[in-house]
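Subject: Structure handover

Dear colleague,

Please find the structure below. My notes on it come after the model.

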Amino acid sequence: MSEQFTLDHERAAMATEMFLHFCAATTMKQIRGLYWNMLDTIGLRPGPLEEFYPKMKAAIRDWRAQALFKKFDARAAHKVYCKGRAASKTRVLIVGAGPCGLRTAIDAQLLGAKVVVVEKRDRISRNNVLHLWPFIIHDLKALGAKKFYGKFCAGSIDHISIRQLQCILLKVALLLGVEMHEGVSFVKEIEPGDGYGWRASVSPEDHAVSHYEFDVLIGADGKRNTLEGFQRKEFRGKLAIAITANFINKRTEAEAMVEEISGVAFIFDQPFFKALYEKTGCDLENIVYYKDDTHYFVMTAKKHSLLHRGVIIKDLSDPAELLAPSNVDKPKLYEYARDAANFATKYQMPNLEFAVNHYGTPDVAVFDFTSIFAAHNSCKVTVRKNYRLLSCLVGDSLLEPFWPTGSGCARGFLSSMDAAYAIKLFANPKNSLLATIAQRESVYRLLGQTTPENLNRAFGAYTLDPSTRYKNLNKASVQIGQVKHLLDTDDPALLEQTFFDTNAIASAVSPATELPAKRKRRTVDVVPLGATLLRWLKAQLKDSGFVQELAEPAECFTNGKVLCTLIHRYRPDLVNLEELADFSADVCNEHAFNIFENQLGIPRVMSGQESVTLSGVEPKVWLNYLEQVCDVFRGEVPHVKHIKLDYAEFKQKQETNVEAWSKLGRMAAVQRMAALASGVHPADKDGELLHRGTKGDCIVPVATASGPYGGGANAGAAGAATARPNAKNYYHPNAEEERYKRGVGGVASPQNVTMRRMRKRRSNEKSGNIVSIESVRIFLISLCLSILGLTPPFTRLLGYGRLLPQQV
């Protein structure tokens, strides 16, 4: 007993340690690797909220984790989620793990659905910065964003890099139980047949996700939307050419002092743009600069200046041909973006270096936003052989943003919440399909008109219910007759159903609607149920040699290998096939029946011995049992061997990095003290403090200010400008903060200087408000004398009686 307790305690401690590293991870590889290491340690696998989240919360008992789970509990307590049962038994596939796809996954998971996300990329590498509307900041903080990224929207900051936002949302989704598969591309949906429901054709073709059966399909893969059946309308304006550029943020003092440009247009600051054109030849209509993980610039350039600078090789009339890669000179594009960035920041950031995108090239792009596309409809429903599929679009797939307004992320999040609300309506059997579509389309009518001003101001009251977010929402603006073309069905009776559960949109949920009734998966084909189940089982176990021997449904029991092999395909942690290889059929079946009953909630109907002969067991009984087994695994993705981190190596590397930074700080401090002791200023003749780094023992220049303890930004900029050309560029995300903590060269972060000044001012104000007892005594004596001086006796005593009125 004590050994088991010790083992459990060690596992809990290890899981907690992994959780803390998971929260601090900054790459998809680290996040995914640590997540699966943590799940293996505590014996969990992703699943619906009620099955996964309570176990995760119980396993990680660290106070920091509990603070995060408290936020999750507060969000899950919203009545709209019905305690995680509003969409139970619903299976969702989301295409794209961008911010909108992950935000949809989080809400669908909180509704109680089984959620699987597929993402084409295997890394998070998008550097562009997003402007956040106030409600998004409130929403992300409520989901624990600051627990993962302490600098999230600190002070007046209202933007974040896409990479950082994806990391935050991915961690939230994983901790709630969302299942994600990277490196998988969605091709198309596959209609039901051969015992299967709705599935997806993916690349690579043999990936386990291709066996996942779903009821809801969400398109969140951007404007290249791969979902079929959605037509798009085009909004065309005058020619508009945008350039985005990301530069490395080295976190130096000079960079910290540069002010951001939240958005300036030509009509509001004509002298600035005229001076820019005269000095650099860059003629812009507007420019935005945000400082985040990178220095992010986005600008609208005029075509004539791009032609004059040689960025565009030939002047063509078609915008697509004009900005085709073959017609753009990349080196000159880089020079154009650098010149505009340097001028906009008043040349305070010398030696700007481009950040690198996921292709390994400078992260600079030029594109045309003359045309903006929007989908004609936000959702559609397809019914085949009694299998229903709700398809929805979110984010840029639904409505492409006009980037100068900063509306992309905001409207994307709103569309994610709207799609999750449609999932809730779709999962309720008391709602007809046409009524569900009509409500979703009514809400979509308002999405393109939203601004920060016309949304409800009570951000804390926002839920999936659109009425909590949109002002003057009319949920019946689209009538059922207008959406019949969005229901594609082989059952004409569904086109006549218009019923809708009005209680579904109320805050209170009646007991009758807490648990939606499970739809029976019956095919309208004349194929018997037994043959359908046998085809499905043979397709799942096609790699096993004994499958070809199966000719009758009853052989799934009499064979003795089918049930255990099926369990192993989906849950290899529950069955070890090598240990069962030498056992008889009745023993194997008995083992499988125990697992189904204890782990998967399917009560047994016979013993292992009875299953071998099926004597005394009615065909209807064992056939129904086999159908339950198949239904359990239809909503699961077969086991995939996920890439995990070598945790011991990862931990050692983290400790080595900390030790290296400590050693670097100690060496710099010793050099500085030696220089001061010899009477020499710690800066060399070029104004640089030299110390040795840990990468290849390279020399690293650290800019210092004039004076023994450093000073302003000008000296820092000068130091950086005079850096030796052969010195290697050593970069660490928190380099400036580390130098400040260790006192290297006396370089202080301007944020810390500002905080010190604010504290000093508050202290002075506080001391100025303290009144001594002596001051009070003097004030009271003066007041008494002034009052006494106005009395007639005292006035006569002082010789001023003539001033008093004479009595008659």
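This is a predicted model: local features need pLDDT of at least 70, side-chain atom pairs count only at pLDDT 80 or more; totals for chains, interfaces and linings use all residues.

Residues are numbered from 1 along each chain as its sequence is written, and side-chain values use heavy atoms, with hydrogens and water left out.

The chain

The chain contains 29 helices and 20 strands; helices (H or I, at least four residues) and strands (E, at least two) are DSSP runs numbered from the N terminus. Of its 808 residues, 48% are buried, where buried means under 20% relative accessible area, exposed over 50%, and partly exposed in between (1.4 Å probe, protein chains only). The accessible surface of the chain is about 39,600 Å², and carbon and sulfur atoms account for 55% of that; areas come from the Shrake-Rupley method with a 1.4 Å probe, and for residues only the protein chains shown count as cover. Taking the contacts between residues at least 6 apart in sequence, 70% join residues at least 24 apart. Contact here means heavy atoms within 4.5 Å.

The seven-stranded sheet

An open sheet of seven strands runs in the order β5-β2-β1-β8-β17-β16-β18, with mixed pairing. Its edges are β5 (179-182) and β18 (487-489); each has a single partner strand, so one side of each has no neighbour in the sheet. From one strand to the next the twist averages 15°. Axes are lines fitted to C-alpha atoms, for helices over the stretch in contact, and angles run from 0 to 180 degrees between N-to-C directions.

Two strands are taken to pair if DSSP finds at least two bridges between them. β1 (residues 91-95) pairs with β8 in the parallel sense over four bridges, and Leu93 has Leu217 of β8 as its bridge partner. On to the next strand: β8 and β17 are also joined in the parallel sense, over four bridges, with Leu217 bridged to Ser391 in β17.

β17 is largely enclosed by the rest of the structure, because six of its seven residues are buried. Helix α15 (residues 433-447) packs on the sheet and touches β16 (379-384), β17 (387-393) and β18, its direction making about 165° with that of β16.

Helix α2

α2 (residues 28-42) has 15 residues and spans 21 Å from its first C-alpha to its last, close to the expected 21 Å at 1.5 Å a residue. The expected span is 1.5 Å times one less than the number of residues. The helix is mostly covered, with eleven of the 15 residues buried; among them are Arg32, Tyr35, Trp36 and Asn37. Gly43 follows α2 and has a positive phi near 70°.

Single residues

Asp221 sits in the loop between β8 (216-219) and β9 (232-236). Its relative accessibility is 11%, so Asp221 counts as buried. The side chain of Asp221 has polar contacts with the side chains of Thr226, at 2.7 Å, and Ser397, at 3.3 Å. A polar contact is a pair of N or O atoms within 3.5 Å; within protein, one must be able to donate a hydrogen and the other to accept it, and residues adjacent in sequence count only if both atoms are side-chain atoms. Beyond its neighbours within four places in sequence, Asp221 is in contact with Val95, Thr226 and Ser397.

Thr463 lies in the loop between α15 and β18, and is buried at 19% relative accessible area. Its side chain reaches the backbone nitrogen of Asp465 at 3.2 Å. Leaving aside neighbours within four places in sequence, Thr463 is in contact with His78, Val80, Met417, Thr468 and Arg469.

Gly193, in the loop between β6 (185-190) and β7 (199-203), is buried with a relative accessible area of 19%. Gly193 and Tyr387 are 194 residues apart in sequence, and their C-alpha atoms are 10.0 Å apart.

Met299 belongs to strand β13 (residues 294-301) and is buried at 0% relative accessibility.

Regards
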